[in-house]
Amino acid sequence: MKLYDRQGTPNAARIRIVLAEKNLDDAVDFVTVDLIAAEQKQPAFLKMNPIGKTPVLELEDGLCISECTAITEYLDNLDGAPSLTGATPREKAVIHMMQRRVEIMLMEPIDDYFHYATPGLGAALKPWRMPDWAGAKDWAERRGSYAVANLPYWDGILNETPFLAGGRFSMPDITLLAALDFAKGAGLKIAPNLAALAGWRSRVKDLPAVKTRSGQDFLPEDISRRKQ
Ligand SMILES: N[C@@H](CCC(=O)N[C@@H](CS)C(=O)NCC(=O)O)C(=O)O
């Protein structure tokens, strides 16, 4: 299998954690996509994923799977013992619900903040960035504030249960971790008084799969290549 991504981005981190958790690192060849040069918007990449985003997992038969949730489902089920996406109907339902909540309440607004309230991935991406209107920055600032305002909700959940979908580490925990790292990398301030969230974060960061596969600085060397 081939994984097209860019190390240091939040969604690359998500799948890298899944690969480590499922002991599949050796089953994948990593192909770097130059997001700063907008390689993900070029015809060759759009053939794999018309949405023009990474990561994409290419299987041996040529099938290209995009969307972190779909890639995670696939990798998690390869060994017949899904641990990250749920085994029972109830587990699957709760995992999917929490996954969508993390996306809608955090990942998507943080992404909007990053791309419209900061230089984002830089000048080469400008032609693909909508909306290009005068109020875009204000709107993006509000999207960032919305994400930050949602953090106490997650703190409340983690006050009641060790992981987002109950007693065990699963897909939405990975997404929440990536979202928090993304928020930090994009420059959003996370309130320091959310004890349950902070406790969960340090426990999750200590899990072997997470320790080996995330925690890189956010797009470390690329930031300096960005042009406003
Ligand atoms: N919903 C998508 C989000 C993918 C995404 O936003 N990927 C980012 C990297 S973290 C990307 O490729 N950005 C490039 C761009 O926006 O042009 C998923 O789950 O895979």
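Modeller: Let us begin with a single residue. Threonine 85 is found in the loop between α3 and α4 (89–117). Helices (H or I, at least four residues) and strands (E, at least two) are DSSP runs, numbered from the N terminus. As to the source, this is a predicted model, in which local features need pLDDT of at least 70, side-chain atom pairs count only at pLDDT 80 or more, and totals for chains, interfaces and linings use all residues. Residues are numbered from 1 along each chain as its sequence is written, and side-chain values use heavy atoms, with hydrogens and water left out.

Biologist: Is threonine 85 buried or exposed?

Modeller: The general idea is a scale of relative accessible area: buried means under 20%, exposed over 50%, and partly exposed in between (1.4 Å probe, protein chains only). Threonine 85 has a relative accessible area of 0% and is therefore buried.

Biologist: Which residues is threonine 85 in contact with, leaving aside its neighbours within four places in sequence?

Modeller: Contact means heavy atoms within 4.5 Å. On that basis, threonine 85 touches Thr72, Glu73, Asp76, Asn77, Lys92, Ile95 and Met171. A separation between C-alpha atoms can be read beside such a list. Threonine 85 and proline 172 lie 87 residues apart in sequence, yet 8.8 Å apart in space, C-alpha to C-alpha.

Biologist: In what order do the elements of the chain run?

Modeller: The chain has eight helices and four strands. From the N terminus on, the order is β-α-β-α-β-β-α-α-α-α-α-α. The radius of gyration is 17 Å, close to the 17 Å that the globule rule gives for 228 residues, so the chain is as compact as a globular protein of that length. That radius is taken over C-alpha atoms, and the globule rule is 2.2 Å times the number of residues to the power 0.38. Along the principal axes, the C-alpha atoms fill a box of roughly 50 × 45 × 30 Å.

Biologist: How many disulfides does the structure hold?

Modeller: A disulfide is a covalent bond between the sulfur atoms of two cysteines. The criterion is a pair of cysteine sulfur atoms within 2.5 Å. The structure holds zero disulfides. The sulfur of cysteine 64 is 15 Å from the closest cysteine sulfur, that of cysteine 68, which is too far for a bond. Cysteine 64 is partly exposed at a relative accessible area of 23%, whereas cysteine 68 is buried at 5%.

Biologist: Which residues other than glycine have a positive phi?

Modeller: Asparagine 23 is one of them, with phi near 55 degrees. Asparagine 23 belongs to the loop between α1 and β2 (29–32) and is exposed, with a relative accessible area of 69%. Glutamate 67 also has a positive phi, near 80 degrees. Glutamate 67 sits in the loop between β4 and α3 and counts as partly exposed at 44% relative accessibility.

Biologist: Where does aspartate 61 lie, and is aspartate 61 buried or exposed?

Modeller: Aspartate 61 occupies the loop between β3 (56–58) and β4 (64–66). With a relative accessible area of 64%, aspartate 61 is exposed. Its C-alpha atom is separated by 23 Å from that of glutamate 39, 22 residues apart along the chain.

Biologist: For a residue within a helix, how does one proceed?

Modeller: The element is named, then the accessibility is given. Proline 10 lies in helix α1 (residues 10–21) and is buried, with a relative accessible area of 10%. Alanine 70 is found in helix α3 (residues 68–77) and counts as partly exposed at 30% relative accessibility.
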